[in-house]
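Hi,

Here is the structure I promised to pass on. Have a look at it first, and then read on for what turned up.

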Amino acid sequence: MTSEIELISLVLFAILVVTAIGITRLRGLYGAVMLAALFSLVIACLFVVLDAVDVAFTEAAVGAGISTVLMLTVLALTRAREAVTPRRRLWPAGIGSVLTGGLLIYGSQDLPAFGARDSPVQRHPITEAYLLESQNDIGVPNTVTSVLASYRGYDTFGELAVIFTAGTAVLLLLSYVPRHDPDFERRKLLLADYRILRVVSKILFPFIFLFALYVQFHGDYGPGGGFQAGVIFASGFVLYGLVFGIDNARRVVPRWLLRVLISSGLLLYGGVGLTSMLLGGTFLDYDALSPSHPVMGQHVGILLVELGVGITVAGVMTAIFFVFADRRVLQ
Amino acid sequence: MTAPSLVGSAGGVLVLVGALVTLSGGVGLLRMPDFYSRVHAAGLTDTAGVGLIALGLILRAPDWGVVVRLLFILLFLLLTSPTATHALAQAARRDGVRVWTDGEPRR
Amino acid sequence: MIATHYIYWLIIVLMMSGLYIVLSHGHLLKKLIGLNVFQAAVFLLYVSFGKVAGGTAPIVAPGIETYSHPLPAVLVLTAIVVGMATTSLGLALAVRIFREYGTLEEDEAIVAEASEHTAA
């Protein structure tokens with residue numbers, strides 16, 4: 001490990017620690033949420049330093065983008081100031097975390113040295129398979145994509161099902177809005193009154209969606225894929241909802257369409273698995289999709305599966321934002 | 001000194017100047033007396049600082065693909081950062097944040 | 001030991017600051033932020049296992065010999081988006097709790113619920 005990389009990561013770690021201290025000390029929660037966004041962004045930089053570019057991409061889009069917007073929306077719905085933390089909570093919490101941290105540091109002595117070439121992770125035969133054999137079996141340069149969508153496709157299917165379930169649960173919890181409750185007043189998002197904001201965001205929308213499509217379909221060759229593209233798509237719709245108001249955004253992406261999208265992505269993923277079973281392979285064995293030319297089958301399979309991931313993630317994130325933004329503020 | 005290394009060092013100088021501008025923006029963010037002047041300092045880091053760094057990186061780019069990507073980044077930064085600064089200032093004005101005048105305490 | 005392991009220790013410090021925020025604060029949204037900090041530090045620990053000194057991102061290209069391991073990146077990549085989905089579930093619960101009790105402070109909500117029970 002070269003010394004420049006060490007220096008960069010030390011500086012980033014220093015920023016992270018200061019940010020974490022800031023989060024626990026700030027009682028104004030808007031500030032704390034912004035610091036949490038900063039934390040995500042710096043973590044994304046660290047992921048780049050650690051050679052995980054796909055992860056950095058996702059963290060930047062999720063942590064600094066969608067997550068921050070959602071938290072701010074929830075703050076607007078609730079109270080944005082925290083009560084003073086009583087002293088009787090501070091000491092047990094501090095002692096508990098210091099003890100846990102000490103135990104973890106003690107345990108970390110058994111870990112292999114950071115960046116070692118001969119660590120068990122690197123020596124395991126699967127490493128060779130993922131990095132070298134994948135080029136012949138699958139032919140996708142970005143090994144993260146081939147591991148995600150093909151070698152460990154079953155695992156990713158499970159993750160997508162979790163996202164689907166969490167999204168459905170949020171919709172169930174929040175979709176009921178009492179229409180004639182006198183305590184509630186329609187929230188007015190007046191950002192569309194800012195002409196500059198309106199014009200600039202109108203210019204940007206096509207590029208955001210074009211970029212999302214690029215990330216979606218370029219994931220085989222560079223950092224990208226369904227998860228990142230889904231989040232970028234969703235952030236485009238979130239921007240639309242923020243600037244033009246949630247009612248107009250609902251007109252662009254109606255409720256029924258979101259419901260169809262959320263489930264159809266997962267169905268597409270599972271459908272590819274079932275098709276490969278019907279064609280004589282095992283579940284999600286893309287070789288079966290094109291028996292004469294297995295690499296072709298892998299390409300088609302990965303493309304469809306990533307598309308399913310992208311559709312469901314975009315649908316879930318957009319629906320979650322809409323349903324939060326649809327609630328009225330308690331006056 | 002050969003031509004490519006001259007271009008490279010020019011890029012290095014640009015990155016350095018950009019970093020200094022960003023630093024001055026950070027200092028301004030801490031030292032300025034009220035919201036509007038702080039937005040001015042933050043806007044400096046967004047446009048001049050990042051713009052200079054991106055230009056410097058373009059001069060040091062290894063191939064054309066990177067240059068095109070950096071140009072796109074630069075274009076979108078020039079489009080979005082002033083808009084963000086504008087939206088911030090507008091929101092503060094609508095919220096009734098008053099402009100600081102000489103002699104008042106810092107806010 | 002220090003030269004080879006200090007990155008892990010820094011990550012553990014971050015993790016513990018997240019745990020401290022979750023344990024010490026009573027506000028539910030602050031707890032969620034702390035949980036996110038904790039989660040991000042765990043992701044960092046995972047990814048750090050895959051890093052090889054002198055390696056590059058695991059995108060195969062001619063002329064590059066050493067790659068970092070792709071598997072931690074895959075696991076963390078999906079976990080980030082899943083984490084986002086579960087965080088929003090937590091936020092939805094927080095909104096419902098606020099609607100029910102008019103507060104997001106844990107202690108006040110417990111008191112409100114207790115008085116509700118005695119009233120009933």
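To start with the chains: how far apart are the nearest C-alpha atoms of chain B and chain C? They are 15 Å apart, and the two chains do not touch, where contact means heavy atoms within 4.5 Å.

Some housekeeping before the rest. This is a predicted model, in which local features need pLDDT of at least 70 and side-chain atom pairs count only at pLDDT 80 or more, while totals for chains, interfaces and linings use all residues. Residues are numbered from 1 along each chain as its sequence is written, chains are lettered from A and ligands numbered from 1 in the order in which they are written, and side-chain values use heavy atoms, with hydrogens and water left out.

Chain C on its own

Chain C has four helices and zero strands, so-called DSSP runs numbered from the N terminus (helices are H or I with at least four residues, strands are E with at least two). Along the sequence that reads α-α-α-α. The radius of gyration of chain C is 21 Å, well over the 14 Å that the globule rule gives for 120 residues, so chain C is more spread out than a compact globule. (That radius is taken over C-alpha atoms, and the rule is 2.2 Å times the number of residues to the power 0.38.) Along the principal axes, the C-alpha atoms of chain C fill a box of roughly 75 × 30 × 15 Å. Even so, 60% of its 120 residues count as buried; buried means under 20% relative accessible area, exposed over 50%, and partly exposed in between, with a 1.4 Å probe and protein chains only. Of the contacts in chain C with a separation of 6 or more, 42% come from residues 24 or more positions apart.

Where A meets C

Two pairs of chains touch, and the most contacts are between chains A and C. Here 98 residues of chain A are in contact with 81 residues of chain C. The area buried between them is about 8100 Å², with carbon and sulfur atoms giving 74% of it; buried area is the accessible area (1.4 Å probe) that two parts lose on being put together, summed over both. A:Asp51, A:Arg89 and A:Phe114 supply 9% of what chain A buries against chain C, more than any other three residues.

The salt bridges

Over all chains, the search finds eight salt bridges. One of them pairs C:Lys51 with A:Asp51, with the closest N and O atoms 3.0 Å apart. C:Lys51 sits in the loop between α2 (28–50) and α3 (70–101) of chain C and A:Asp51 in the loop between α2 (29–49) and α3 (53–77) of chain A, so this pair joins two chains. Both C:Lys51 and A:Asp51 are buried.

Another brings A:Arg89 and C:Asp107 together at 3.2 Å, N to O. A:Arg89 is buried at 13% relative accessible area, whereas C:Asp107 is partly exposed at 32%.

Within chain A, A:Arg250 and A:Asp326 meet at 3.1 Å, N to O. This one links distant parts of the chain, 76 residues apart: A:Arg250 is in helix α11 (residues 246–252) and A:Asp326 in the loop between α13 (294–325) and β2 (329–330).

Where A meets B

Nine residues from chain A and 10 from chain B make the contact, and about 880 Å² is buried between the two chains, 77% of it on carbon and sulfur atoms. Across this interface there are zero salt bridges.

Cheers

Definitions and conventions:
Salt bridge = Lys/Arg side-chain N within 4 Å of Asp/Glu carboxyl O.
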